[in-house]
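Please open the model in your viewer and keep the sequence panel beside it. The stops below go from the whole chain to single residues.

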Amino acid sequence: MSNEASGAVPHPLARRKQKIVLLTPFIQTIKRHWLSYLFIAPFLITFILFIVVPTIAAIGLSFTYFNAIEAPKFVGWLNYRNLLTQDMVFWKYAIPNTFKFAVIVGPLGYIAGFMLAWLISQLPAKIRVFYTLALYTPSMTAGVAMAVVWLIVFSGDRLGYLNSFLLEIGIIDQAQLWTQDPKYLMNVMILVTLWGSMGVGFLALLAGIQNVDTQLYEAGKIDGIRNRLQEIWYITIPAMKPQMLFGAVMAVVGTLKAGQISVQLSGANPSPQYSGHLLINHIDDYGFIRYEMGYASTISVVLLVLTYIVSRICWKLFGSKEE
């Protein structure tokens, strides 16, 4: 009679043999494709060290009280209960500001990225690279450029470019504190972020447009397509769905993880009257100002779940059934 039939506990040596039998196909696969695994090893190790491990650590810390000095103390769901029922700044400012920022910057940046990528693809190849570089550069130098350019443009004295221009033409009669006044800060944040939003997603869209098979356009003309708008709607967009999906996910992730923009513009965290307070600012506030790492980890987990949900919505909109 076997051990399973008799209900007896398997011998440790038998359990070890079972594990070896289960692992053998996996080990043989690695040996057979060792060169491929060698090439992906740097990315895999980096991904595990800087993405997987911190994510697991954050989830674990979200159930603790941890002040970065004493050892973490397990508190169960207390942080989540406090966040969902007692944190008024989270519900009154962080969530509304983050969704307002994401709903405006995400779609506008995505549409602008697609339109600019399409316009650049219509240019001669010799000058196309210069326009691409000109649009992509702000996304690489956003922090430095903002300190040099935008803070001068939105300076609150009469010498600021915007104040000086508006005073000159008589629209305002005194200088405005564009980055300190709660009425203007969010609008300035949106404008500056849109300026620097032509990042990796924009390059993916440009590559997708340039790789559409030209025979599809010729076939479309035979089938009755008469103008460029019809070409974009019936040929270009369906032919570059993977790039559209990638661009949409990058736009969503970029807007949800934004937070330093309000600190760099206003010079403070929290921003004046929480007018530019985003979820990332809320995490920084509790994590690096109050040193409540456990509570900050809880907000990070909530942000991770939100990002996943919105990404799945993008997947439904732009992904194909095979994906």
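How many helices and how many strands does the protein chain have? The protein chain has 16 helices and 2 strands, where helices (H or I, at least four residues) and strands (E, at least two) are DSSP runs numbered from the N terminus. Its radius of gyration is 26 Å, well over the 20 Å that the globule rule gives for 323 residues, so the chain is more spread out than a compact globule; the radius is taken over C-alpha atoms, and the rule is 2.2 Å times the number of residues to the power 0.38.

Before zooming in, note that this is a predicted model, in which local features need pLDDT of at least 70 and side-chain atom pairs count only at pLDDT 80 or more, while totals for chains, interfaces and linings use all residues. Residues are numbered from 1 along each chain as its sequence is written, and side-chain values use heavy atoms, with hydrogens and water left out.

**Whole chain**

Show the C-alpha trace, which spans about 95 × 65 × 35 Å along its principal axes. Buried residues make up 36% of the 323 residues, buried meaning under 20% relative accessible area, exposed over 50%, and partly exposed in between (1.4 Å probe, protein chains only). Among contacts (heavy atoms within 4.5 Å) between residues at least 6 apart in sequence, 62% join residues at least 24 apart.

**Helix α3**

Next, select F43, L44, I45, F47, I48, L49, F50, I51 and V53, which form a nonpolar patch on the surface with about 890 Å² of accessible area together. Such a patch is made of residues with over 30% relative accessible area and no salt bridge, with nonpolar side chains (Val, Leu, Ile, Met, Phe, Trp, Tyr) joined within 5 Å; a salt bridge is a side-chain nitrogen of Lys or Arg within 4 Å of a carboxyl oxygen of Asp or Glu. L49 lies in helix α3 (residues 34-61).

**Loops on either side of α15**

Most residues other than glycine have a negative phi, and most peptide bonds are trans. Where does P270 lie? P270 is in the loop between α14 (260-266) and α15 (279-289), and a cis peptide bond with omega of about 5° joins N269 to P270. Y274 is also placed in the loop between α14 and α15; its phi is positive, near 55°, and the residue is partly exposed, with a relative accessible area of 23%.

Finally, select Y291, in the loop between α15 and α16 (293-318). Y291 has a positive phi of about 60° although it is not a glycine, and at 46% relative accessibility it counts as partly exposed.

Conventions:
Patch = residues over 30% accessible without salt bridge, like charges linked within 9 Å, V, L, I, M, F, W, Y side chains within 5 Å. Areas by Shrake-Rupley, 256 points an atom, 1.4 Å probe, with all protein chains shown as cover.
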